[in-house]
Amino acid sequence: MASTPVSALAERLDVPVGSVAGLEACSAEELTHLDSLVEAAFVREQEAVEAGLKATLQAVPRPLRGRAKSLLFPGGDA
């Protein structure tokens with residue numbers, strides 16, 4: 001079954017489609033725009049969390065910092 005803009009938005013938000021069913025009155029363009037805004041907000045949120053974690057590492061005592069970094073950033077992304 002093809003994904004509708006409303007179901008795609010519900011999937012991105014990880015909510016049941018019924019939770020956003022009221023958005024079916026919106027046009028496909030409006031839903032696409034809303035979906036892109038939600039995606040951008042999630043990206044900014046992830047960046048803010050990562051920046052906060054990196055800043056927090058500075059408060060960890062130096063002897064423990066390497067271990068804390070490996071726990072917070074298991075992929076070595078810090």
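Mentor: Here is that stretch, followed by a brief look at the whole chain. Keep in mind that this is a predicted model, so to speak of local features we need pLDDT of at least 70, and side-chain atom pairs count only at pLDDT 80 or more, while totals for chains, interfaces and linings use all residues. Residues are numbered from 1 along each chain as its sequence is written, and side-chain values use heavy atoms, with hydrogens and water left out.

Helix α1 covers residues 5-13, and its buried residues are V6, L9 and A10 (buried means under 20% relative accessible area, exposed over 50%, partly exposed in between, with a 1.4 Å probe and protein chains only). They sit on the same side of α1 because they cover an arc of only 100 degrees around the axis, taking the directions from the helix axis to the C-beta atoms. What the buried residues of α1 pack against is α2, residues 28-57.

Just after α1, D14 takes a positive phi of about 60 degrees. Further on, G22 lies in the loop between α1 and α2. G22 is exposed, with a relative accessible area of 66%, and its C-alpha atom is 9.1 Å from that of V6, 16 residues away along the chain.

As for the whole chain, it has three helices and zero strands (helices are DSSP runs of H or I, at least four residues, and strands of E, at least two, numbered from the N terminus). Of its 78 residues, 15% count as buried.

Key. Contact = heavy atoms within 4.5 Å.
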